[in-house]
Amino acid sequence: MTQYIIRRLLYSLPLLMGVNILTFVLFFVVNSPDDMARMQLGQKHVTEQAIANWKQQHGYDVPLLWNDSAQGGGKITDTVFYQKSVGLFLFRFGVSDSGRNIGADIKERAWPSLAVALPTLMIGLLVNICFALMMVLFRNSYISKDGVYAAGQSGAGAALEHAGIVLCVILMSISSLFYIIGGQFVIGKVLRLVPISGYDDGMAAVKFLILPVLIGVFSGIGSGTRWYRTLFLEEVGKDYVRTARAKGLSETQTLFRHVLPNAMIPILTGVVVVLPLLFMGSLIMESFFSIPGLGSYTIDAINSQDFAIVRAMVFLGSVLYVIGLLLTDISYTLVDPRVRLS
Amino acid sequence: MVVLWTDALIYLLIVVILALGLHLRGKEHIKRPLQQIGRSKIGMVSLVVLLFFVLIGLLDSVHFKPTDDTKNEIISLLDYWATPLREHGEKTYSAPFATKLYSKEMIAMPDGSMQWGYPRLEFGGRHLNNPETEKIPDILQKALYGLAQGASLIVFFMLLMWGLLAEQHKRLMLSSTAKTVLAVVFVIVSFSYALIYLSPYYHVFGTDKVGEDVFYQAVKSIRTGLVIGTLTTLIMLPMAIIFGILAGFFRGWVDDVIQYIYTTLNSIPGVLLIAASILMVQVYMASHESDFTSVIVRADTRLLFLCMILGVTSWTGLCRLLRAETLKLREMEYVQAASALGVKQGAILLRHILPNVMHIVLISVVLDFSSLVLAEAVLSYINIGVDPTSYSWGNMINGARLEMAREPVVWWSLTAAFVFMFALVLAANLFADVVQDAFDPRRSGNE
């Protein structure tokens with residue numbers, strides 16, 4: 001197990017290297033530091049001196065990949081690529097193009113992001129599973145009455161289930177922007193139940209978090225329920241379920257004692273993948289509700305064209321993704337004893 | 001005639017679809033799922049709605065320079081027909097069917113004095129002398145007139161078609177699915193005719209901040225949505241198919257390299273990769289300003305780049321599916337038999353593997369479409385979507401979002417974007433479901 005984890009961690013190094021090279025190409029080769037300096041200082045009437053100063057300040061004044069003027073190992077280390085990548089791999093993100101310390105910013109902003117994302121995920125999971133179970137239950141209550149597997153025909157349960165699917169598709173077809181705008185308008189402005197946007201430290205944050213979490217959960221119901229329903233149905237079709245029914249267990253008993261635990265395996269491992277990424281926050285949610293998390297941090301960086309921050313966030317995101325993949329593999333062994341890591 | 005980059009790709013897409021259709025015509029394994037789609041009411045109705053959108057999008061993709069034009073602008077066929085809508089700009093916001101402006105200003109009275117009030121609109125309801133009393137009857141009358149004209153037009157065409165049809169096709173037309181489809185066509189055509197009939201006289205969906213007709217904006221946005229939904233797929237498909245099949249078929253180092261590529265791309269958060277690339281495009285366009293002479297060319301280039309970037313970020317999912325399927329297929333008896341008989345690897349890939357993974361490709365294309373249309377709106381909101389000057393639902397939402405705080409609420413831009421987007425995405429989602437049911441061998445077995 002430990003051996004496996006170590007190997008996976010080593011394997012992730014070339015991956016992160018690839019990400020780093022890709023972002024480097026995107027940020028420095030396509031656009032030279034001169035272009036960036038001009039962008040930051042304003043397009044027109046920029047003197048050569050100002051550009052050189054800006055590059056000096058932000059450490060872009062060395063060649064990109066190969067420094068001919070330096071001695072020995074300096075030929076490689078005295079380059080933008082080396083200096084910037086080493087910083088990223090050591091999680092020293094340096095200063096942003098506007099002069100702030102990125103590492104400190106990230107540490108401070110990760111918690112509000114998590115405060116929105118974690119409850120949204122948990123409550124969303126619970127709600128979606130409940131709805132999916134309900135739909136499967138309706139379907140099955142109909143089957144057991146007739147004793148034949150004939151969904152999609154007439155019958156109250158099947159009709160309810162069909163309505164549920166259509167409702168899911170309708171909910172899926174609405175852009176998340178409308179959920180947010182509508183939710184803010186109805187709950188925040190017309191009913192005045194909670195503040196429309198903002199954030200506060202400590203427990204005072206709760207009243208600001210209710211609305212984003214609620215909307216986040218609601219906008220995910222359509223696709224989530226549909227997805228979990230297919231997972232449950234796949235499980236319901238298996239032989240052990242028939243055996244359980246044949247033993248004379250009631251529909252609810254089969255569903256909760258046999259189907260649910262088995263269907264939880266794909267559901268849980270699917271959740272584990274996204275767990276580390278929760279730190280990154282949600283871009284739209286945070287900027288709509290002006291929550292000072294990493295999502296809004298990224299958006300601000302994109303809007304002010306702050307390359308240093310965007311690069312740091314890309315790297316951080318990839319690291320978290322790799323961790324998520326590793327956690328998924330480990331969680332497989334924990335929930336499913338048949339899986340062995342080797 | 002001016003052919004923009006996205007136009008050219010759209011034409012290419014149409015040619016590809018037509019060629020595929022001709023190639024697959026009459027093939028038995030394609031016929032059965034197609035018939036299943038044809039029998040499904042939901043499937044056919046959503047297809048009709050989609051085709052209606054596609055038709056508008058195509059009209060908007062034929063660009064030319066008007067001969068009598070002095071402003072060096074490029075317009076499309078749709079713009080040409082919507083000239084009154086395009087040119088009937090007001091000063092600022094006005095509500096749907098309003099005759100007066102949204103905000104108060106000083107009005108010069110006929111007797112020379114000035115008064116603080118809501119001025120009459122320049123174009124909306126201009127033909128009315130006394131808007132307070134005449135407006136509602138006039139709207140109703142015009143709407144009914146338009147509806148009647150549209151309805152009679154479509155009935156005429158249907159009768160014409162009926163007369164021209166052969167006897168065996170007539171029976172097909174009487175099936176319940178065909179009746180539903182005809183009813184939907186009837187409703188769509190007569191309502192859009194009524195809207196077109198009303199729009200020169202009123203701003204049916206109001207006007208936006210700079211006084212542009214919202215109905216026109218919403219209709220123009222259809223093309224942007226469709227382009228993003230389809231061209232992205234066109235760009236990503238070759239990559240996904242070639243890499244996926246090669247990785248699954250050859251395994252070994254080819255597989256390792258391809259897996260490495262897509263895991264790397266996958267591990268970068270999609271939005272950030274898009275943002276980074278769009279930032280680059282922006283910088284590039286800012287430093288090469290002379291290459292983009294007209295606004296529409298600029299917007300078009302950016303749209304194309306957006307499609308490419310979305311394509312690069314979204315091919316990995318399909319690639320992984322295809323790799324897994326190919327891994328399974330290469331162990332099948334018929335592939336083994338082919339290679340035992342000495343068929344070349346290239347031929348096996350083309351003749352045995354490729355046709356057998358096509359259903360996965362088709363399903364994922366249809367499924368991706370709606371999510372891409374939705375993604376466009378979100379990306380435009382973060383300013384990394386389409387060009388701010390081009391028409392898109394995302395830009396409409398973005399522009400209208402801040403006005404929700406105003407009193408009275410400026411709701412019409414949002415509503416128009418919502419209605420159009422919802423119709424397109426819902427139709428696409430429903431159609432995707434039907435296609436998936438028909439083509440997915442796992443699903444067709446048990447339902």
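Biologist: Leaving aside neighbours within four places in sequence, which residues is Val281(B) in contact with?
Modeller: A quick orientation: this is a predicted model, where local features need pLDDT of at least 70 and side-chain atom pairs count only at pLDDT 80 or more, while totals for chains, interfaces and linings use all residues. Residues are numbered from 1 along each chain as its sequence is written, and chains are lettered from A and ligands numbered from 1 in the order in which they are written. Two residues are in contact if their C-beta atoms, placed from the backbone, lie within 7 Å. With neighbours up to four places away in sequence set aside, the partners of Val281(B) are Arg302(B) and Phe305(B).

Biologist: What distance separates the C-alpha atoms of Val281(B) and Arg302(B)?
Modeller: Along the chain these residues are 21 positions apart.

Biologist: Does Val281(B) count as buried or exposed?
Modeller: Val281(B) sits in helix 11 of chain B; helices (H or I, at least four residues) and strands (E, at least two) are DSSP runs, numbered from the N terminus. The rule uses C-beta atoms placed from the backbone: 20 or more others within 10 Å means buried, 12 or fewer exposed, and anything in between partly exposed. Because Val281(B) has 20 C-beta neighbours inside 10 Å, this residue counts as buried.

Biologist: At what angle do helix 14 of chain A and helix 11 of chain B pack?
Modeller: Axes are lines fitted to C-alpha atoms, for helices over the stretch in contact, and angles run from 0 to 180 degrees between N-to-C directions. Here helix 14 (residues 307-335) of chain A and helix 11 (residues 270-287) of chain B have axes 10 Å apart, and their angle is about 150°.

Biologist: Why does helix 14 of chain A count as roughly antiparallel to helix 11 of chain B?
Modeller: Angles under 35 degrees count as roughly parallel, over 145 as roughly antiparallel, 65 to 115 as roughly perpendicular and the rest as oblique. The packing angle of this pair therefore makes helix 14 of chain A and helix 11 of chain B roughly antiparallel, at about 150°.

Biologist: Which residues in helix 11 of chain B meet helix 14 of chain A?
Modeller: On the chain A side, Val310(A), Met313(A), Val314(A) and Gly317(A) take part. By class, the contact has six nonpolar, one polar and no charged residues, where Ala, Val, Leu, Ile, Met, Phe, Trp, Tyr, Cys and Pro are nonpolar, Asp, Glu, Lys and Arg charged, and the others, Gly among them, polar. From helix 11 of chain B come Leu272(B), Ala275(B) and Ala276(B).

Biologist: How many residues does chain B give to the contact with chain A?
Modeller: Chain A contributes 39 residues, and that side divides into 25 nonpolar, 13 polar and one charged. Elements giving two or more of them include helix 1 (2-29), helix 7 (156-172) and helix 14 of chain A. Chain B contributes 37 residues.

Biologist: How far apart are the axes of helix 9 and helix 12 of chain B?
Modeller: Helix 9 (residues 214-250) and helix 12 (residues 295-329) of chain B pack at about 35°. Their contact has 23 nonpolar, seven polar and two charged residues. The axes lie 6 Å apart.

Biologist: What percentage of residues 222-432 of chain B is helix?
Modeller: UniProt, in an unreviewed entry, annotates these residues as "domain: ABC transmembrane type-1"; such positions follow the numbering used here, feature names are shortened, and annotations may be inferred rather than shown by experiment. The end C-alpha atoms of the span lie 19 Å apart.
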